[in-house]
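Please examine the sequence and the structure shown here. The paragraphs that follow lead through a few of the side chains.

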Amino acid sequence: MARKNRPRLGLAATLGGVIGFFIVSALCGVLAASLMLPAVAFTQATVGTSVSFFEGLPAELEVNAPAQSTKVLASDGQLIASFYAENRIKVSLDQISPYVRQAIVAVEDRRFYEHNGVDTQGIVRALSYNLTGKGRQGASTLTQQYVTNVLNESRISADRGDLVVLSGQKSVGDKVREIKLALELEKRYTKDQILEGYLNIVFFNRDAYGIEAAARYFFSTSAKDLTLPQSALLAGLVNSPSLYNPAVNPELSLSRRNRVLNDMLEQGMIQQAEYDAAIATGVDLKITPARQGCANAVMAVYFCDYVAHLILNNPVYGVSLSERNNFLYRGGLTITTTLDSRLQPVAQAQVDATAGANPDKWGSSMVSIEPGTGRILAMVQNTVYLPEPGKFDTQLNFNVDSKDANGNDLNGAGGFQPGSTMKPFTFAEWLNEGKSITGVVDASRRVYPVGFPWRSSCGKVLGGYSTAQKNAGLGADEDLQNNDLGYYRPMPVNYGLYNSINTATFASAAQLDFCGIQKIVDTVGLHSGLDNAQINMHQLGNLLGAIGVAPLVLANAFATFANDGRYCAPIAIASVTDSSGQQFPAQTSECRAAVKPEVARGVNSVLQDMLKVGSGYWIHPKVYSVAPVAAKTGTNNTNGSTWVVGYTRGIATASFFGDALEGQGRLGRDVVINGNHYKNLDGYMLAGPQWANYMLAVAPLYRTDPFPAPPASMVQTPAPQPKPSTTR
């Protein structure tokens, strides 16, 4: 379309038409049409005074990028979810169909390329229309409309939505300021820049701000591929998005579209044949509803929620929570995460299959970490994020802490008792103090009375471990018990670990410095899932996992062993950029030496045996057939919290099954899961196969090389031991 040179009208001439419009429009319907000339004459008499007043008005207008949709992506670029206050995707003018550009000019401002921001001819036309009783017609140009949208967008961004002014609510003062800003805007920007800004900011629908979002919503296409009839329909929609909504009022929408097509024909923008073909076309909507927020995530709902909390909790993205909300919901960000889209559906299928119909609402979850980077690769659980009839629903994330290290909400369930999955950390201190992998401990001992000579180089006091029946004044726990009879005897410490013998863990701890055990637990990142507090290893019950730990935290602690003793903090956000390409701080791998390499190698060697001859022997399938793998089972005292945490060199995964929401106090005894009766739930029964099936499928996607062997000096020739129990 040819661009005519825009005339540079004098300010007095422009204001004369504007003031005349205000006065005569006010008189419309009250005074006779014959009063028009005196009103205009009065207008001319006031122009001189108005010029000086007008020139004194402030001309500032910050044309910042309007709110845009934020995308959260998996590591390979697949969409996880979108966040928006206004669903908007900014596009350049060359990415918008020429039909759209022509249609919006034709129906909203036919002299857009000729005026200087305020159209005096349009004002005269509106005056005539208003005075003849045909209705009410405004005279705002596209530039003026753009100014209004920019001002309103700025108010909303500043959390002042109460100051938003709609077209029918403008006072004379509002209109005068709009005109002033429109004139100034035309001095700073080209017509094409203004048109591009307008088409990116204008409202089409509550789920479609800007032309790209409108194209996707109404026609499931992009702005550059909109056809002539589609373009005309959307151009007609901006005048009254509710009235002309084609999904609600298709006949009105079609009539409005045809008017736009007629305007385009009259103005020489399209040919008669194009017009005829477009008129013959129906509305033909293909609506794709916008999916906003984690509740509507394409995948990884709970991981999405975790990422959102990481953004909203971090002051690097805004000093206040309000600023961080704006950053996430209005910033037009691309947040690329660490999630592996190949692993996520495999993990989800496993937890769903494990829990089945689940009328008793048992929780099932898995989370995977990459050793050496801390990258979270998958995060799943067997619930739906929002209530659905007949579904097990919660917004609590089973895999993460309730709060972050600064006390901010993470929306996590607060962790679960890890049971025997805590035992490898005591064993790690055993090796750290120079003891042998196969050193013998007395696992026959079941009572550790008050006054027992525990070692604590840091001066913390330990109590006893016995029964009230045998020591009436203690009010202590039951005598130390194993899951099965026949293990109350001396045994190699590695045998006690891979068979998960409680008395063997206590017997080894009796020879260790509890401050050393504490240091191991702290350096691998273990902490309370409720409040991030330290797990006090001087409380003897914590040797057997008496305090709740989040699966993510536990998986990452085991990943430290897989990584030759180097701890890497978990990360979920790989990069954050806005639509202009500006990069914001993301999470980077922060690693440190936590456990001596030879200690980690010793732990790995024993936990590999757990699957072959120990408490994980009955887990099927045998994951070690496809990759060297180490693991530990875990079950708490009530059998309501069961685990397998296992790892290759490339993936560490915590698998949980148990009481996730019912106060975490239910007994996992005499229960029916998927039609099968379980006298006592145990880690190898449900959490085990869930973990094994998943790892069998995904382990080959990452490192599967063998774990380095521990030094020969750590190993002594052990005495023969009985075969492992069949109920572990």
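**Charges and rings**

Lys612 lies over the face of Tyr624, 5.6 Å from the ring centre. A charge sits over a ring if NZ of Lys or CZ of Arg is within 6 Å of the ring centre and within 35 degrees of the ring normal. Likewise, the charged end of Lys622 sits over the ring of Tyr617, at 4.8 Å from its centre.

This is a predicted model, in which local features need pLDDT of at least 70 and side-chain atom pairs count only at pLDDT 80 or more, while totals for chains, interfaces and linings use all residues. Residues are numbered from 1 along each chain as its sequence is written, and side-chain values use heavy atoms, leaving out hydrogens and water.

Aromatic rings also pair with one another. Rings of Phe, Tyr and Trp (its six-membered ring) pair if their centres lie within 6.5 Å; planes under 30 degrees apart count as stacked, over 60 as edge-to-face and the rest as tilted. The count comes to 26 aromatic pairs. In one of them, the ring centres of Trp362 and Phe657 are 6.2 Å apart and the planes are at 20 degrees, so the pair is stacked. Trp362 is buried at a relative accessible area of 3%, where buried means under 20%, exposed over 50% and partly exposed in between (1.4 Å probe, protein chains only). Phe657, at 0% relative accessibility, is buried. The rings of Phe558 and Phe561 have centres 6.1 Å apart and planes at 85 degrees, so this pair is edge-to-face. Both Phe558 and Phe561 are buried. Ring pairs link Phe425, Phe558, Phe561, Tyr647 and Phe707 into a cluster.
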